[in-house]
Amino acid sequence: MPELPEVETIRRTLAPHVLGQTIKKVRVNWPGAFVLPPKLTPARALREREIVALGRRGKYLLLELDDGATVVVHFRMTGALVYYPRARAGDAHTHVVVNLTNGQLHYTDQRKFGRLQYVPAGELATLACLTKLGPEPTGEDFCLEYFARKLDGKKTAIKAALLDQTIVCGLGNIYADEALFRAGILPFRPAGTLRLSEVFLLYDAVRLTLTQGIAAGGTTFRDYRDGDGHSGSFQNQLRVYGRGAQPCLTCGLPLHKVRVGGRASVYCPGCQH
DNA sequence: CACTAAACCTGGGAGC
DNA sequence: TGCTCCCAGGTTTAGT
């Protein structure tokens with residue numbers, strides 16, 4: 001699914017198309033994709049509302065409307081939100097179609113894990129999935145001291161800690177493995193065993209990897225597309241993710257693939273300690 | 001509290 | 001070619 005770099009890329013590519021546009025019509029083909037308070041319908045909630053801002057928190061995309069309401073989107077594994085300048089037919093995986101003054105937004109999701117949640121004005125601060133999130137990894141509240149304190153004494157694997165959205169938000173399986181490789185740290189090390197110098201290397205690697213992911217327009221391993229329907233290119237810069245048993249690009253040893261915290265994890269036995 | 005498994009879904013790829 | 005099994009970018013919840 002879209003991790004932070006992918007969601008940020010979707011936000012940036014959609015913004016010029018949809019900001020200032022008014023929602024004219026909403027069609028929900030699969031009701032499970034659109035969550036909203038009972039007694040409200042998608043059409044009644046969104047019709048004639050203007051999209052005034054596009055935000056992002058972790059892996060959540062936030063569509064802010066002119067009445068203070070917000071549509072919170074989480075793409076999970078295969079969700080996508082694409083803008084088309086001209087109306088077009090969807091396919092079997094097109095669950096929501098939003099007609100704007102000019103053009104259409106299509107929400108598609110092969111696996112149906114993702115959700116669009118309508119949150120009425122003033123209620124965003126009560127949304128648990130957002131309030132639980134840790135700091136933005138590329139922002140200022142994510143500082144080395146904070147990161148070191150969160151990992152200190154932790155017995156859980158460092159890989160699991162990176163995927164824990166309450167410690168720092170936005171990392172998923174791809175960028176967690178890539179950051180660990182770049183920092184030279186084994187994914188199954190108990191988080192509390194990292195020396196401060198290693199925490200610093202990882203802190204830097206997390207921020208650099210995500211920044212490079214955004215610069216590349218995200219990683220298209222299979223389904224991911226940005227707001228224009230285009231693929232990203234960070235898959236060309238992956239060093240370990242999806243490369244199990246292939247030679248390490250740095251030392252040539254075959255990469256190992258193991259399970260850490262229930263997730264497939266690829267690492268180099270020569271470069272990571 | 002910490003960790004695991006299951007649940008939510010569909011489809012691609014490997015192996016036979 | 002076709003069938004079965006395993007796997008996949010995520011998160012929540014139930015169970016041990």
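A crossing of two helices is right-handed if the near helix is turned clockwise from the far one by less than a right angle. In this predicted model, helix α6 passes helix α7 in such a right-handed crossing. Helix α7 also packs with α4, and its axis comes within 8 Å of that of α1.

**Helix α6 against helix α7**

- Helix α6 covers residues 173–183 and helix α7 covers residues 196–215; the two pack at an angle of about 130°, with their axes 8 Å apart.
- α6 and α7 are therefore oblique to each other.
- On the α6 side, the contact is made by Y175, E178, A179, L180, R182 and A183.
- These residues meet L201, L202, A205, V206, T209, L210, Q212 and G213 of α7.
- By class, the residues of the contact of α6 with α7 comprise nine nonpolar, three polar and two charged.

**Helix α4 against helix α7**

- Helix α4 (residues 144–151) packs on α7 at an angle of about 120°, and the two axes are 10 Å apart.
- That angle makes α4 oblique to α7.
- The handedness of the crossing of α4 and α7 is right-handed.
- From α4, the residues L144, F147, A148 and L151 touch L196, V199, F200, L202 and Y203 of α7.
- The contact of α4 with α7 consists of nine nonpolar residues, with no polar and no charged residues.

**Helix α1 against helix α7**

- Helix α1 (residues 4–18) crosses α7 at roughly 35°, and the axes of α1 and α7 come within 8 Å.
- α1 passes α7 in a right-handed crossing.
- L4, P5, E8, T9 and R12 of α1 are in contact with L210, G213 and I214 of α7.
- Four nonpolar, two polar and two charged residues form the contact of α1 with α7.

- Sugar or phosphate accounts for 67% of the atoms of DNA strand B within 4 Å of the protein, and bases account for the rest.

**Polar contacts with DNA strand B**

- R111 places a polar side-chain atom 2.9 Å from a base oxygen of DNA strand B.
- R222 has a polar side-chain atom 3.0 Å from a sugar or linking oxygen of DNA strand B.
- T156 has an N or O atom in its side chain 3.4 Å from a phosphate oxygen of DNA strand B.

Conventions
Residues numbered from 1 in each chain as written. Chains lettered and ligands numbered in written order. Predicted model: local features only at pLDDT ≥ 70, side-chain atom pairs only at ≥ 80, totals over all residues. Heavy atoms only, no water. Axes fitted to C-alpha atoms, helices over the stretch in contact; angles between N-to-C directions. Helix = DSSP H or I, 4+ residues; strand = E, 2+ residues; numbered from the N terminus. Parallel < 35°, antiparallel > 145°, perpendicular 65-115°, else oblique. Contact = heavy atoms within 4.5 Å. Nonpolar A, V, L, I, M, F, W, Y, C, P; charged D, E, K, R; others polar. Near = heavy atom within 4 Å. Polar contact = N/O pair within 3.5 Å; in protein donor to acceptor, adjacent residues only side chain to side chain.
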